Amino acid sequence: MKYLDEYRDPELAKKLIASIKATSRREVRLTEVCGTHTVAIFRSGIRGMLPENISLLSGPGCPVCVTPNEDIDTAIAIARQEDTILATFGDMIKVPGSRSSLEIERAEGADIRVVYSSLDALEIARQNPRKKVMLFGIGFETTSPTIASAVLSAESENMDNFFVLVSHKLIPPAMKALLDAEDVRIDGFLCPGHVSAIIGSRPYEFIPEDYGVPCVIVGFEPLDILHSILMAIRQLESGNARVEIGYRRAVRPEGNITALKILEQVFEICDAPWRGLGLIPRSGLRFRKEYGRFDARSAFGVDVSASSEPEGCLCGEILRGAKMPPDCQFYGEACTPDNPIGPCMVSSEGTCAAYFRYGGFV
Amino acid sequence: MRGDRVLLSHGSGSKASHELVAELFLPAFSNPYLDQLNDQAVLEADGLRLAYTTDSYVVDPIFFPGGDIGKLAVCGTVNDLAMSGATPLYLSAGFIIEEGFPIDKLRTVIGSMKQAAEEANVKIVAGDTKVVGKGNADELFINTSGIGIISKDIDISGSGAKAGDKVIISGSIGDHGIAVLSRREGLEFDVPIVSDCAPLNALVADMLSVTRNIHCLRDPTRGGLATILNELASQSNAGILIEETKIPVKDAIKGACELLGYDPLYVANEGKLVAIVPAEDASQVLAKMRENKYGRDAEIIGEVIAEPRRVLLKTAIGGTRIVDMLAGELLPRIC
């Protein structure tokens, strides 16, 4: 298939693997930040093709996985209210909160609908003017501009029944938190391609400058990934750390200026809690005052003060790359994609789910 | 089994569905026929070997590119019978209709059933109609059951795969699931995506005319190719190694899957079968399949291995990975 098969060519893959082997001399740990990369790496069997001295760690770039229980509990509490429709992206449905999940609430009668985009949620609100429609806004810089854009549409249409529970997060501050954590050594970052298409390459520049750690922005096809690994290895071996774009067909240094403007117009940066990483300064988004009437938190006024994380679940450590899924006592036995305990097993892009589906014989 | 309510995932053909069957239905109904957990029961009666099966159809939307709920209800049950090597003969049809459902649409659905039954050469010999109040069912649900006869020299089951056997797929995968999904979500693609819904009994008869020595047959419906290969591997205590580049997937399906975040290996088919046959018969069976319109794009996609007892995929770029059963519902990509 055009524009797809070119990036999956076995001969080119062999050449890239040979170059990686020829270039790489020391032991390195590269963190792929994005969950889509984790899945792509597993799906194409890349781990098993790399030399043993290169290990790939999976980072916190799975929006479902890093959403704290408090936000899930809030969504559940809102979904239980009368005359309310909760719109959510599919992966969120099965994530267990402190006591329930959206899937269970749906079976018990709550009106919870899976949407593919924020515009679907907006359409549900238009068609149900007497109901309150709340979109569960999760995701990184890739999804947040689309949510901001839906809010702008709702404003221009004077809609008074559309709300967003904002749980959006920013990637570069989380990468800084990983670098500052004492239990994880990271030699290089494979940066998320889709996020970078929005934010560009500049927000990563502090990483080589302050920490001396190479960053390569990576596409999602097997050859993209192999080529970017080679770029990171070259940086490491030459001792010249910088931000490089390995996904030039989608990413420009300045990013997507239109999307960034919309984002900036609707949201402002705030401190945010991440599952596993704790409170990270300036790593989340909240509504600006002018758009406060769309904020589900104030519109619904629910209280979920007693949120708790599942005891014994290692999702937090796994999201930091400090532990691997098989290190968890629940992995594969008590916790599977059908009966997940922690979010890393729920999301199709979660590290545990990827290990469970594709891991093993590599 | 956790929880005290039935969830959608219990009906998705995934591990949760298997759990529901194993923990609720099997203990209650257990008997040697049911316990085999094949898509059809094979019964002995008065010297005859009969295949018997049932299935309910709740597809949404009921009309989709390439078919409708009526065609599906006939083909699905015919195929479940054919996968045992049976010649399907008679079907029953039960209709649960929502009050207010247009008679015109019902007429169209019945017309599709008639046409599909004629093509499959089966007769619908018993039926039932129930109407429920508005809102108590979604438009139209259909249940069909079917019965067929299996010739004495045929022994096809999920447990017959042996190391060295070849794995054949009868054509491109993912068409039905993506056709239904794209209609449901109002997605349009440059190339129309059409369900592959079709009766496969004539194709099976063609294959059996080449050799009686077919070890396994199964139609990769819910859960897709990946899930049924896992079922066959597990029932046969063997492994299966398939090659990504050999598996036929139409460009339009590949594109739609990339866009929606699905893996074609897990997307439902309604007019495809997987056959596991001895290596020495594989090329002849394949050639015969390609003469049938429903097997034109058939390919040998891999082989049965002794160890490891898992389904493995050799990826396009030369890596190897596990292919697991479908877990949970198929969910859309969110970032």
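This is a predicted model: local features need pLDDT of at least 70, side-chain atom pairs count only at pLDDT 80 or more; totals for chains, interfaces and linings use all residues.

Trainee: Which residues make up helix α3 of chain B, and what is its span?
Mentor: Helix α3 of chain B covers residues 103–120, which is 18 residues. From its first C-alpha to its last it reaches 26 Å, close to the 26 Å expected at 1.5 Å a residue.

Trainee: Which residues of α3(B) are buried?
Mentor: The buried residues of α3(B) are B:V109, B:S112, B:M113, B:A116, B:A117 and B:A120. They lie on the same side of α3(B), because they cover an arc of only 130 degrees around the axis.

Trainee: Why do residues three or four places apart point the same way?
Mentor: An α-helix has 3.6 residues a turn, so residues at that spacing point the same way.

Trainee: And what is exposed on the other side of α3(B)?
Mentor: There, B:I103, B:D104, B:R107 and B:E118 are exposed.

Trainee: What do the buried residues of α3(B) pack against?
Mentor: They pack against several elements of chain B, including the strands β5 (87–98), β6 (123–132) and β7 (140–149). Helices α2 (69–82) and α5 (201–210) of chain B are also among the partners.

Trainee: What follows α3(B)?
Mentor: The next residue is B:N121, and its phi is positive, near 60 degrees.

Trainee: Changing topic, how is chain B divided into domains?
Mentor: The domain assignment gives domain 1 (31–149) and domain 2 (166–322). The contact between them takes 22 residues from domain 1 of chain B and 22 residues from domain 2 of chain B.

Trainee: Which element supplies the largest share of the side of domain 1 of chain B that touches domain 2 of chain B?
Mentor: That element is α2(B), with seven residues. By class, this side of domain 1 of chain B has twelve nonpolar, six polar and four charged residues.

Trainee: How many residues of chain B are in contact with chain A?
Mentor: The contact involves 31 residues of chain B and 41 residues of chain A. On the side of chain B that touches chain A, α1 (15–29), α7 (251–260) and β14 (320–322) each supply at least two residues. That side divides into 13 nonpolar, nine polar and nine charged residues.

Trainee: Lastly, how many helices and strands are in chain A?
Mentor: Chain A has 15 helices and eleven strands. Its radius of gyration is 21 Å, close to the 21 Å that the globule rule gives for 362 residues, so chain A is as compact as a globular protein of that length. Of the 362 residues of chain A, 57% count as buried.

Terms used:
Residues are numbered from 1 along each chain as its sequence is written. Chains are lettered from A and ligands numbered from 1 in the order in which they are written. Helices (H or I, at least four residues) and strands (E, at least two) are DSSP runs, numbered from the N terminus. The expected span of a helix is 1.5 Å times one less than its number of residues. A residue is buried if 20 or more other C-beta atoms lie within 10 Å of its own, exposed if 12 or fewer, and partly exposed in between; C-beta atoms are placed from the backbone. The arc is that of the directions from the helix axis to the C-beta atoms. Two residues are in contact if their C-beta atoms, placed from the backbone, lie within 7 Å. Domain bounds come from an automatic or database domain assignment. Ala, Val, Leu, Ile, Met, Phe, Trp, Tyr, Cys and Pro count as nonpolar, Asp, Glu, Lys and Arg as charged, and the others, Gly among them, as polar. The radius of gyration is taken over C-alpha atoms; the globule rule is 2.2 Å times the number of residues to the power 0.38.
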